[in-house]
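Hi there,

Here is the structure I promised to pass on. Have a look at it first, and my notes follow below.

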Amino acid sequence: MDDASTGSDSDYSNSVGSCPPERVWISWFLSSKGNEYFCEVEEDYILDRFNLTGLNTEVQHYAQALDLITDNLDDDLDDEVRGTVEISARLLYGLIHQRWIVTSRGLAKMLEKYKKADFGRCPRVLCHSQPLLPCGLTDLPYEKPVKLYCPRCEDLYSPKSSRHGSIDGAYFGSTFPHMFLMVYPHMIPTKASPDVGPASSPYGTGPLPGNTAGAPGGGNGGAAANSGRNAAVGSTNVSTAAAAAKADRYIPKVFGFKVNEIAKLQRWQGAVRDRQITRLEALERGDS
């Protein structure tokens with residue numbers, strides 16, 4: 001996993017003279033290219049050691065990294081040591097950021113960024129440029145990069161920029177997007193199209209493409225589709241059912257617990273998926 005910040009130590013050194021006398025390191029970090037997803041963690045939160053409980057076991061050179069973040073690090077360190085401390089400071093700030101953005105003040109700052117679509121918009125056409133929220137697949141660093149969660153289609157996407165795609169997902173955590181929508185329920189988008197109603201939808205309520213049963217002159221369309229599907233299933237050595245069973249699914253969690261309403265929906269989706277897998281297995285065996 002690449003470091004979250006793309007700025008170099010020399011960039012930081014050159015920026016010290018141009019930044020205000022306070023919050024030099026944090027200002028430099030937030031202004032570095034690739035760190036646009038981060039919000040500013042307030043100094044009072046960082047200086048409250050209770051908020052940093054347990055981080056000293058996860059970050060090397062913890063004390064020096066904290067001093068660097070709060071602009072209290074001695075200047076007499078050699079370049080090699082300072083470079084190591086800089087890497088630790090980025091990790092420490094990211095882990096503090098994970099905790100900060102699920103507080104009331106942190107959520108308010110992320111709300112401002114969400115309203116401006118700073119995290120990007122959903123690439124899915126039927127989501128109508130819905131703003132995204134950053135989300136980690138795990139709360140542990142150096143495991144998975146950050147993903148973007150769409151509240152409309154409830155799916156995950158990778159950031160377009162490689163700079164953003166290299167950010168550690170632990171710096172946002174698995175809880176944030178779902179806590180955000182619980183605190184701000186008015187920000188949950190509707191599933192319906194904002195401009196097109198069901199009656200005027202291009203897909204309407206008619207049969208799916210390829211299903212011509214009941215259509216004029218299409219009485220055998222369903223049989224033809226089934227025969228074509230069976231031929232396709234029998235023409236490959238790859239098990240469609242096995243591939244479907246191995247498909248990964250994203251499960252929203254808040255502090256490790258499944259979100260209740262989404263959990264109900266996913267239990268239903270899981271049951272439907274199991275029935276489809278059983279059906280595919282039967283087709284592959286050639287059962288009637």
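Let me start with Phe 119, which is buried, with a relative accessible area of 1%. Please bear in mind that this is a predicted model.

Phe 119 has an aromatic partner in Tyr 37: the ring centres are 5.6 Å apart and the planes stand at 75°, so the pair is edge-to-face. Tyr 37 sits in the loop between helix H2 (24-31) and helix H3 (43-47), while Phe 119 sits in the loop between helix H6 (104-115) and S1, so the pair ties together parts that are 82 residues apart in sequence. Tyr 37 is buried too, with a relative accessible area of 3%.

There are 13 aromatic pairs in the structure. Another of them joins Phe 29 and Phe 38, again edge-to-face, with 5.2 Å from centre to centre and 70° between the planes. Both Phe 29 and Phe 38 are buried. Ring pairs also link these residues into a cluster, together with Trp 25, Trp 28, Tyr 37, Tyr 93, Phe 119, Tyr 171 and Phe 172.

Now to the sheet. It is open and has 3 strands in the order S1-S2-S3, with antiparallel pairing. Strand S1 (133-135) and strand S3 (156-157) are at the edges with a single partner strand each, so one side of each has no neighbour in the sheet. Between S1 and strand S2 (residues 147-149) there are 3 bridges, and Cys 135 stands opposite Lys 147 in S2. Helix H8 (residues 176-183) lies across S1 and S2, and runs at about 140° to S1.

Enjoy exploring it!

Best wishes

Note on methods. Residues numbered from 1 in each chain as written. Predicted model: local features only at pLDDT ≥ 70, side-chain atom pairs only at ≥ 80, totals over all residues. Heavy atoms only, no water. Pairing = 2+ DSSP bridges. Helix = DSSP H or I, 4+ residues; strand = E, 2+ residues; numbered from the N terminus. Contact = heavy atoms within 4.5 Å. Axes fitted to C-alpha atoms, helices over the stretch in contact; angles between N-to-C directions. Phe/Tyr/Trp six-rings, centres within 6.5 Å; stacked < 30°, edge-to-face > 60°. Buried < 20%, exposed > 50% of the residue type's maximum accessible area, 1.4 Å probe, protein only.
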